Amino acid sequence: MILKQSYKFIQSDVLIISYKNILDIPILKGYSKYLKNIFKEGKNMIYSFLIPSNKISNIIIYSLDKNEESFEEIRKMGGKLRKILKNEKTCTIYLGKGEEINLKPLLEGFLLASYKFDKYKKIDKNSIKKIAVSTPKTKKDFSSVLGYLNSIYQSIFYVRDLVNRPGNDVIPEVLANESKVISKADKRIKVTVLDEKKLKKNSFHALLSVGQSSKHPPRLIILNYKSKLKNAKTIALVGKGLTFDTGGLNLKPGSSITDMKFDMAGAATVLGIFKMLSLRNELPVNLIGVIGAAENSISDKATRPGDIISSYAGKTIEITNTDAEGRLVLADAISYTIDKHKIDKLYDIATLTGGCIAALGYDITGVLTNKEDEYKLIEKSSKNTDEKVWLLPLDKDYIKKTKGDISDLKNYNKGFFADTIMAAGFLSHFVKNTPWVHFDIAGTSFSKSEKEYITKGGTGCLVRLIWDLLNNID
């Protein structure tokens, strides 16, 4: 799609305009009395009708409830407006005086609702080719906003595509190849990939144990970006990349195994942030991305419940549940990141626990941290983007329960609830004193229903929040 700003009213297949600005368009003045009988003042409404005009064939008018108006409601309205459109090729969004502040959320919702996953279907691609923002009553330049919107929707679509692709398409090597494609597009981003030989040589025992049963061997993917700013802080993003998760010998039930292609959404989010970086000019931080990619499969080589393995950090782990594999992959990836890179903060992103869904549902991301001051920054970016998060306690007594009886640690505590806290507690043993935030996106990364600007499947959650966070690091 092409986004552009116009300082005059232009010809288009469809015009989208707010109810309070209909008199700005001469061809609508004759309809004002008619429309007043339809619209109820201050209510969320959308009305579409055809008019005899050589410039516009379809008019879509919307109004917002004054009592509920917020950027998120405007974003949702943008999504609803997009879903009304069918076969139009061009669209003009009329921005009246005083509405400039609404442009970003309205277009954000409109663009995100445009997503279709049609890689495996022989159908026409997205119908809308051009979106114009008509701003005849203001001389303000919106090129920076439109530039951001153009980058963010492409990056989120990229993440959604990765998450929606099946496990026989996206394997660990494919994630590695995706990182190389991003690097080729932007020479500032350097990529290193460790294959199974290098993983064995460098003692990535936990990561290897998860992937040892698959014919698609694991990979560790490292992306590196250095900011032009002097004394820039270095932030690490670590993503869980389980390209398919059977649960291992603790096999997942049939009701949940079908969607396990999305268990690499954390890795996809990390790649999405670097995709965003490749489309933008600069970040005020140095950025390290580390992805532990593996396929948790079943064979005679599979790690068994009761096995004891080692890890990159040298800690031994009793495998009490082979379906608690994500924390093993993250443990090695986190340990490596802290060992090899001088970082100021580390954020890990993972579809880690069903317990997070039980606690927070499908609309709120669970957050745990060893430095609660870090959550203030997360909360600020959450408010800026309307991506919901909730802080869960990283309780010291719960952390103690992750210690093993016959090993340093155990990866799962049978019969002990608080799964999300326990998983983060396990990871905390590998973080040392590095300021660390854990995002559990098990519920928010994949939607089973249509929402205003989210389609079924991968959501691309946290791309907007983390991009905002990286641009506002203390």
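Predicted model: local features only at pLDDT ≥ 70, side-chain atom pairs only at ≥ 80, totals over all residues.
1. Let's start with the rings. How many aromatic pairs does a search of the whole structure find? The count is 13. One of them joins Y115 and F157, whose ring centres are 5.0 Å apart with 65° between the planes. Planes over 60 degrees apart count as edge-to-face, so that is the label for Y115 and F157.

2. Y115 sits in the loop that runs between α3 (103-112) and β6 (130-134), while F157 belongs to helix α4 (residues 143-164). The two parts are 42 residues apart in sequence, so this pair ties them together. Buried or exposed, what are Y115 and F157? Both are buried.

3. Next, have a look at F262 and F446. Their ring centres are 5.0 Å apart and their planes meet at 25°, so this pair is stacked. F262 is in the loop between α8 (254-257) and α9 (265-279), and F446 is in strand β18 (residues 446-447), so the pair ties together parts that are 184 residues apart in sequence.

4. Are F262 and F446 buried or exposed? The cut-off for buried is under 20% relative accessible area. F262 comes out at 11%, so it counts as buried. F446 has 10% relative accessibility, so F446 counts as buried too.

5. Rings can also gather in groups: Y34, Y47 and F49 make up one aromatic cluster. K104 has its charged end over the ring of Y148, 4.4 Å from the ring's centre. Over the face of Y158 you'll find K275, at 5.5 Å from the ring centre.

6. Among the residues lining it are R327, T402, K410, Y412 and F426. Which helix gives the largest share of this lining? It is helix α14 (residues 419-428), with three residues. By class, the lining of the second largest cavity splits into four nonpolar, three polar and three charged residues.

Technical notes
Residues numbered from 1 in each chain as written. Heavy atoms only, no water. Phe/Tyr/Trp six-rings, centres within 6.5 Å; stacked < 30°, edge-to-face > 60°. Helix = DSSP H or I, 4+ residues; strand = E, 2+ residues; numbered from the N terminus. Buried < 20%, exposed > 50% of the residue type's maximum accessible area, 1.4 Å probe, protein only. Lys NZ or Arg CZ within 6 Å of the ring centre and 35° of its normal. 1 Å grid on protein atoms, 1.4 Å probe; cavity = no way out; pocket = protein on both sides within 12 Å on 5 of 7 lines; lining within 4 Å. Nonpolar A, V, L, I, M, F, W, Y, C, P; charged D, E, K, R; others polar.
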